[in-house]
Amino acid sequence: MTWLNALFGNDPGYMPHGMCYLWSPGMIALQVGSDALIGLAYLSIPLTLLYVVRKRTDIPFNWMFGLFGVFIVACGFTHVMEIWNVWHADYQLAGGVKLVTALASVPTAILLIRIVPRILEIPTRRELEAANHRLEDAYRELEQFAYAVSHDLRAPLRHIEGYGKALESSLAGRLDDKQAHYLHSMREGSRHMGDLIDALLELSRVSREHITHKEVDLSALMLELFREFQGTNPERPLRYQVQPGMHAVGDPHLIRVVLQNLLNNALKFTAKRGDAFIECGMRGKDGGNVFFISDNGVGFDMQYAHRLFSMFQRLHSKQDFEGTGIGLATVQRIVRRHGGRIWAEAVQGAGATFYFTLPGQEA
Amino acid sequence: MPRDGHILLVEDSPQDVELIMLALKEGKVVNHIDVVKDGPEALAYLTGRGDHAGRDLPSVVLLDINLPKMSGLDVLKEIRANLRTRHVPVVMLTSSRQQEDMLRSYDLGANSFVRKPVEFDKLVDAMQQLRLYWLLLNELPYGEAAGG
């Protein structure tokens, strides 16, 4: 208890500061008022810093803000002590508070000097803007290149296909099976390349297009796609189920592209089944709704699941299932542009389920 | 007066011209087709200037976007700015469906926008559809469009 006494004990030898001010009300008001304002400011600054650091976890050296905070709070308390000392001569306590401030200020000062080179390394706003411009330019050039390639490749392709057809027609009946097969394969190749170019154009389009944010009724959209398919393929046996009341916020056109691609995928891989069943629904999970489209098709080996969404990656041979290998890459790009995630689960021979998230109504 | 069932094809690629003609033939589109290779010639044809003096207007113009000298879009602009030709149906024919081209075309008054398909059979189909719509179904304000 002796140290407490030492700290709080009113040593009769000391005089409160008020005595030095000769208890002049003007002087006391000036001193106390100023200390009060400084103290209040010093106590509020760390709260602001704390708020900023918590909101922007990406800010570098945020521990430095913490040190600053402690230092400034300690400074605040020294000013509170100044006020207290006007009437109470607790200089031991005041000295203790000052000591704490000193202990917080010295490491702050040293560490600040040590991180100066690293602070100077942080790119300036102007440098970031310039880098951003360079990226934008490169991106635009790449898009233009992709477009030009796709656009200009189509014309000669059309000629190969068209003249192939002309040749086929004019030689009709005069080609043996092998020759007919060669010609047919050439035309087939041009058609496939045409599909690839279209898919690439679509991929580049969904990456560039401005995204609108509207409420989209996924259930209605999905039903429409199912009906559209059945309208054009009445002979195909297909059962489907769509959970009612599924909504999300996003670009109606792009979300349609997502659903269409996932549905096409499910249709493709159930094509050889007489009892094809495709289901579209929603599962609540913390942090938002997870939508899914599942089928009872051929599925795939989960070992290759990570390759599903890469461009030109196909998990099935072209002979078994046609495709460009761009559809799922397009889907992933759209989902990501909406801030969502997409993944898939499957059992080989028993079906696949594609899951994706989209922002909800509150987004 | 425009002649019924007359088509003007504005296309610079000889291969495309040949294939479109083949497609028209394959699709049993028997209408009369005139082909010009660039924009200035198309405008001369439509306004009856030079070699084309005294020509009637076609029932539909198939206009390629990528043309030498002046682009298909510029040709379209001129067609729409001319009192004699402003009501002639113009179908833009292109290789791709670039959004900007489509928007520009419709802004400038194109009546439709058709992408030349890679598959020849689809080109035949497209030509049949175009004929069905623009040459048989569609009605034109002939009196107003009538010129030389």
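**Figure 1. Crossing of helices α9(A) and α10(A) in the predicted model.** The crossing of α9(A) and α10(A) is left-handed, a term applied if the near helix is turned anticlockwise from the far one by less than a right angle. In this predicted model, local features need pLDDT of at least 70, side-chain atom pairs count only at pLDDT 80 or more, and totals for chains, interfaces and linings use all residues. Residues are numbered from 1 along each chain as its sequence is written, chains are lettered from A and ligands numbered from 1 in the order in which they are written, and side-chain values use heavy atoms, with hydrogens and water left out. The axes of α9 (residues 252-269) and α10 (residues 327-337) of chain A come within 9 Å and cross at roughly 145 degrees; axes are lines fitted to C-alpha atoms over the stretch in contact, with angles from 0 to 180 degrees between N-to-C directions. Helices are DSSP runs (H or I, at least four residues) numbered from the N terminus.

**Figure 2. Residues between α9(A) and α10(A).** From α9(A), Leu254(A), Val257(A), Val258(A), Asn261(A), Leu262(A) and Asn265(A) meet Gly327(A), Leu328(A), Thr330(A), Val331(A), Ile334(A) and Val335(A) of α10(A), contact meaning heavy atoms within 4.5 Å. By class, eight residues of this contact are nonpolar, four are polar and none is charged. In this scheme Ala, Val, Leu, Ile, Met, Phe, Trp, Tyr, Cys and Pro count as nonpolar, Asp, Glu, Lys and Arg as charged, and the others, Gly among them, as polar.

**Figure 3. Interface of chain B and chain A.** Chain B brings 21 residues to the contact and chain A brings 19 residues. The area buried between the two chains is about 1800 Å², with 52% from carbon and sulfur atoms; buried area is the accessible area (1.4 Å probe) that two parts lose on being put together, summed over both. In chain B, Leu19(B), Ser95(B) and Val118(B) lose the most area to chain A, together 32% of what that side buries.

**Figure 4. Salt bridges between chain B and chain A.** Four salt bridges are counted between these chains, each a side-chain nitrogen of Lys or Arg within 4 Å of a carboxyl oxygen of Asp or Glu. Arg158(A) pairs with Asp16(B), the closest N and O atoms being 2.6 Å apart. Another salt bridge links Asp121(B) and Lys165(A) (3.4 Å, N to O). Asp121(B) lies in helix α5 of chain B and Lys165(A) in helix α6 (residues 125-170) of chain A, so the pair joins two chains.
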